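I opened my notebook to record what I could look up in this structure.

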Amino acid sequence: MVERVYIFKRFERFWHWAQAALIMFLLLTGFEIHGTYSNFGFEKAVELHTIAAWTLVGLWTFAVFWHFTTGEWKQYIPTTKRVTEMVRFYAFGIFKGESHPFKQTALSKHNPLQRLAYLGVLLVMNPLIWTSGWFLLFYGNWAAWGFPNLSLELVATAHVLGAFMILLFLIVHVYLTTTGHTPLAHIKAMITGWEDKH
Amino acid sequence: MLRTRSAVALFAGALLGVVLSVTNLAQATVAPQTKSSPTADHSKFKELQKQFKTGPEVTKACLSCHTEAAKQVHRTKHWTWEFINTEKNQKLGKKNVLNNFCISIPNNQQYCTNCHVGYGWKDKNFDFTVEENVDCLVCHDTTLTYVKQPGMAGHVVGEEMEFPKGSGKILKPINLSKIAQAVGKSSRETCGNCHFFGGGGDGVKHGDLDSSLFAPEADVDVHMAVDGLNFNCGTCHQTSSHDVPGSRYTPTAKDKGGVQIRGKSEGENPATCVACHDTKPHKAEKSKHAARLNNHAEKLACQTCHIPAFARGGVATKMRWDWSTAGKMDAEGKPIVKKDDHGHIIYESRKGDFVVAENVKPEYYWFNGGITYTLLGDKIEKNDKPVGINKIEGNATDGKSMIWPFKVSRGTQPYDPENKTLITPHTTGPKSGGGYWTNYDWDRAARQGMADSGAPFSGKVDFVSTEMYWPIAHMVAPKDKSVGCAECHAKDGRLAGIKGIYIPGRDANPLIDKAAWLLALLTLLGVLGHAAIRIFASKKH
């Protein structure tokens, strides 16, 4: 019997997967609106993108509330401790079959590198995508909000830039889920909530 | 059938349009007119209970009661064929401008003034101050039997007569007494008999005005649909003191006025979309994209989305007229007429090559209502760029412009290569008169036309490419047939050529896009490489 530890609570897992689906769907419809490819058709893509965006807004409202009421927000306090160890592990140790230098616990779910990455998400990616997205949703209100001369090109480009950052994040994030003690261990944990101790 | 037949005949007979369209109408079902219950029955007026031999006789009778009517008409463009654009300081109007269809009025008045609201404008000496020369009936006839005979300078046939004199052709009179006793409001028919046939035939000039609007289905024109709103021309072009609003010389490109309210909207153009529909026309209860569409209405003229194509009623419009190829004869030295599969004339010795088209997608340009014409005396250069018979103004940043749909008629037309001016050729009339359409002699046609215009002529005729812009405002489609999002929000969409705005789906910063995709690809390769090394390393262990 492998010893297991409960890491991800039910809401957290729901939040993660709902958000994952929404973000991927937003990328899909967003790049269609951007003119990169064609699938739903522009009009439908805009409609779906808008619906998905509002759904994500709703989900985030719950998630923010949850993080503060449960104190889980502390998981995201960045630390530089043992970051070099993490980098060294991904760059070399992992190839030599060394075990992961970070031990997950319910009180500390994210490794130091993850914390730094999520800090970037919170400080750069989210403000960029949300602010630009919010402005795009309310294009008609710019003048009333006091931005009569704001350029659509600027806002749209910022939004696209945010989207690309999310895409890059997604690629790396998905790959790093395979770096557990087995390739599917992290994913399993995010589904069941339980991570094997090893 | 009827339409094709009449269209062909129209070309052949130059300005026979009026005659034939009336014939057309007599046979077509005539739509019921807007309900109106006049308080006067003109058949009871003894002034009208007599035989009239000429048009001016009828007008005299009209003016005996409507004492100010002729004075009002005298002040309008319909009478003067002149319009002073004070902003551009140009003397315009039908009398002064040129186009790239039949080109110009001078020396062709006999025929052109068939569509003048007057009697007897046969040359430049016409007296514009005579009240009984106003033609009341051409706008107020309700019998659809009032016909102005081509070549008679706007006169009508009140008595049996031979025309042209010595031809042996006898023209039957129209019943002026009956027509006068039945006068009423103007109608699609009275307006359309001239305005649907501009350029010398059905639908030729405008593209959004043709005989299909006599009785259109909702798909062709949602406002004029006989089984729908059944608008007249005058429903939008609400006329006061005989002055019909809705100018093509100084159009209202962006109407900021909103819905027109009685007593508050004096002097505003009532013929704009906004005059009824307001500046935020899309309502949330009717459209899930109302707010978004209203944002669009800040930059796009309503017409841009709501008129997906012009010439939609089954009548082709002329897109190109190449005068430079006119004058070719067949082996026997006779003039040629060539037609396409639909019976549209595509070459005529008298006029040159034509391109006609139906269901034409407009071209789109920023437009602030400013139009400058190239007038007869203006110097032009023959080069790669066509001469703009009119030039439209507008851009993304002037705050006055909207993106508008246009028909752009292109072609070549005669110009004087030495004086570097356009030419107003004499085209119409009998062979003895020297018109191009009977003599095929450019030198003579140009000399006479330019003399009539009072313009110098070097004796040389060459041809220059020209283009002319016609804003499209009629043939509004039902809302479910309006232009879809993806037709502009695409790389090669309808608005591909519009500068100065960012259109999602059309525009992207190419540098950011390229760099970001490259980075995404490298990242993907990076993680795949990392994975490959892991797999490779684990096998070695």
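**Before starting.** I noted that this is a predicted model.

**Entry 1: chain A.** I began with the secondary structure. Chain A has six helices and two strands. I then read the elements in order from the N terminus and wrote down β-α-α-α-α-α-α-β. Next I checked the extent of the chain. The C-alpha trace of chain A spans about 60 × 35 × 30 Å along its principal axes. I also looked up burial. Chain A has 198 residues, and 18% of them count as buried. Last, I looked at contacts between residues of chain A at least 6 apart in sequence. Of these, 67% join residues at least 24 apart.

**Entry 2: domains of chain B.** I listed the domains with their bounds: domain 1 (2-242), domain 2 (255-300), domain 3 (317-487) and domain 4 (510-541). I then took up domains 1 and 3 of chain B. Their C-alpha centres lie 24 Å apart. In the contact between them, 37 residues of domain 1 meet 39 residues of domain 3. On the domain 1 side, α1 (2-12), β2 (90-92) and α6 (109-112) of chain B each supply at least two residues. The largest share comes from α1(B), with three residues. By type, the domain 1 side divides into 17 nonpolar, 14 polar and six charged residues.

**Entry 3: cores.** I recalled a general point first. Nonpolar side chains tend to be buried together in soluble globular proteins. Here the largest nonpolar core has 62 residues. Among those with the most contacts inside it are B:L300, B:Y365, B:F367 and B:I403. Setting aside neighbours within four places in sequence, B:I403 is in contact with residues including B:K299, B:T304, B:W366, B:L495 and B:I498. I also found a second, separate core of 23 residues. B:V147, B:V157, B:I179 and B:V183 are among its members.

Key
Residues are numbered from 1 along each chain as its sequence is written. Chains are lettered from A and ligands numbered from 1 in the order in which they are written. This is a predicted model: local features need pLDDT of at least 70, side-chain atom pairs count only at pLDDT 80 or more; totals for chains, interfaces and linings use all residues. A nonpolar core is a set of buried Ala, Val, Leu, Ile, Met, Phe, Trp, Tyr and Cys residues joined through C-beta atoms within 7 Å. A residue is buried if 20 or more other C-beta atoms lie within 10 Å of its own, exposed if 12 or fewer, and partly exposed in between; C-beta atoms are placed from the backbone. Two residues are in contact if their C-beta atoms, placed from the backbone, lie within 7 Å. Helices (H or I, at least four residues) and strands (E, at least two) are DSSP runs, numbered from the N terminus. Domain bounds come from an automatic or database domain assignment. Ala, Val, Leu, Ile, Met, Phe, Trp, Tyr, Cys and Pro count as nonpolar, Asp, Glu, Lys and Arg as charged, and the others, Gly among them, as polar.
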